Amino acid sequence: MVHVSEEKDLTIQRRAKISEMLEQDGQVQVLTLSKLFGVSPVTIRNDLAQLEKKNILIRTRGGAIRPQRVGIDFKLHEKTKRNFKQKQAIGLKAAELIQDGDTIILDSGSTTMEIAKHLGQFNELTVITNALNIAQLLAEYKNIRVIVPGGILRKNALSLVGPMAENAIRNYYCDKFFLGVDGIDAGYGVSTPNAEEAYLNRIMIEISRETYVVTDSSKFKKRSFAFIAPMDKIHYVITDHNIPEDEKTTLEKNGVQVILV
């Protein structure tokens, strides 16, 4: 018969080992852990729940992953340098999905800026953007109508946010919304460091017929401070071939079309 103190010690040891495995492999599976430790899946799920409360892991369907949290709101010029070639390819592919006559939204960010660079080819296009740097670039294209909502300037992102921007955006209906994110998790959703930006993004999703998340693969299995939306609000994800295979599979099972560049 196992005494309470012995059982407690075994639980502590098991959870420590789970944490160690997670640190080494990046993810664990309930059924694998159940067989390894000779305990029920219910016990393992309870272990994972307790470890999640301590921010040691993020639970997923059938297991858990090591958290890679994105809490820093980097300046735009710093973001631009990261995975630049991937962002260029994503921007080009996204622009190919736009049609003459569309009304689109370009969110602020380094990847959406790469989309904007390819819009000079269109004969007629309306672009709504809360990003001042994107609006400045689009001003050079004579056939593009640019709409910029008012708002409070986020200096790090050169974007406009707040009630004025939110109220202005609600007046429109758009064909396509291109959303850049700081974190994406197939089982959780998309997120960003700034709460006001996240709220504005949710409104942009609501007023758009289709939503495209444009992100390089380094953002997967990461969560940022402010939640934007679950993946069932997203229609397409445009990313590079280094997307984790399990994330791609989960997205496609849930009806999200993944476009690789």
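Biologist: Before we start, what makes two rings a pair here?

Modeller: Rings of Phe, Tyr and Trp pair if their centres lie within 6.5 Å. Planes under 30 degrees apart count as stacked. Keep in mind that this is a predicted model.

Biologist: Fine. Which residues do ring pairs link into a cluster?

Modeller: Phe-178, Tyr-212 and Tyr-236. The structure holds 3 aromatic pairs.

Biologist: Take Phe-178 and Tyr-212. What is the geometry of that pair?

Modeller: Stacked, with 4.9 Å centre to centre and 25° between the planes. Phe-178 sits in strand S10, residues 174-180, and Tyr-212 in strand S13, residues 208-214. The pair therefore ties together parts that are 34 residues apart in sequence.

Biologist: Are those two buried or exposed?

Modeller: Phe-178 is buried, at a relative accessible area of 0%. Tyr-212 counts as buried too, at 4%.

Biologist: And how do Tyr-212 and Tyr-236 pair up?

Modeller: They are stacked as well: 4.5 Å between centres, 10° between planes. Tyr-236 belongs to strand S16, residues 236-239, while Tyr-212 is in S13, so this pair joins parts 24 residues apart in sequence. Both tyrosines are buried.

Biologist: Switching to charges. Which residue lies over the face of Tyr-188?

Modeller: Arg-223, at 4.1 Å from the ring centre.

Biologist: Now the largest pocket. How much space lies in it?

Modeller: About 460 Å³.

Biologist: Which residues lie nearest its centre?

Modeller: Thr-60, Arg-61, Ala-186, Gly-187 and Thr-250, out of a lining of 22 residues. Strand S1 (27-29), strand S3 (63-65) and helix H10 (245-253) are the elements that each give two or more residues to that lining.

Biologist: Which of them gives the largest share?

Modeller: H10, with 5 residues.

Biologist: And what is the lining like by class?

Modeller: It has 7 nonpolar, 8 polar and 7 charged residues.

Biologist: Last topic, helix H2. Which residues are buried there?

Modeller: Val-30, Leu-33 and Ser-34, in a helix that covers residues 30-37.

Biologist: Why do they line one face?

Modeller: Seen down the axis of H2, the buried residues fall within an arc of 105°, so they line one face of the helix. In general, an α-helix has 3.6 residues a turn, so residues three or four places apart point the same way.

Biologist: What does the face turned away from the buried side carry?

Modeller: The exposed residues Leu-31, Lys-35 and Leu-36.

Biologist: And what comes just after H2?

Modeller: Gly-38, which takes a positive phi of about 70°.

Conventions:
Residues are numbered from 1 along each chain as its sequence is written. This is a predicted model: local features need pLDDT of at least 70, side-chain atom pairs count only at pLDDT 80 or more; totals for chains, interfaces and linings use all residues. Side-chain values use heavy atoms; hydrogens and water are left out. On a 1 Å grid over the protein atoms alone, a cavity is a set of points where a 1.4 Å probe fits but cannot get out, and a pocket is an open set with protein on both sides within 12 Å along at least five of seven lines; lining residues have an atom within 4 Å of a point. Grid points are joined across faces, edges and corners, and a volume is the space filled by probe spheres set on the points. Helices (H or I, at least four residues) and strands (E, at least two) are DSSP runs, numbered from the N terminus. Ala, Val, Leu, Ile, Met, Phe, Trp, Tyr, Cys and Pro count as nonpolar, Asp, Glu, Lys and Arg as charged, and the others, Gly among them, as polar. Rings of Phe, Tyr and Trp (its six-membered ring) pair if their centres lie within 6.5 Å; planes under 30 degrees apart count as stacked, over 60 as edge-to-face and the rest as tilted. Buried means under 20% relative accessible area, exposed over 50%, partly exposed in between (1.4 Å probe, protein chains only). A charge sits over a ring if NZ of Lys or CZ of Arg is within 6 Å of the ring centre and within 35 degrees of the ring normal. The arc is that of the directions from the helix axis to the C-beta atoms.
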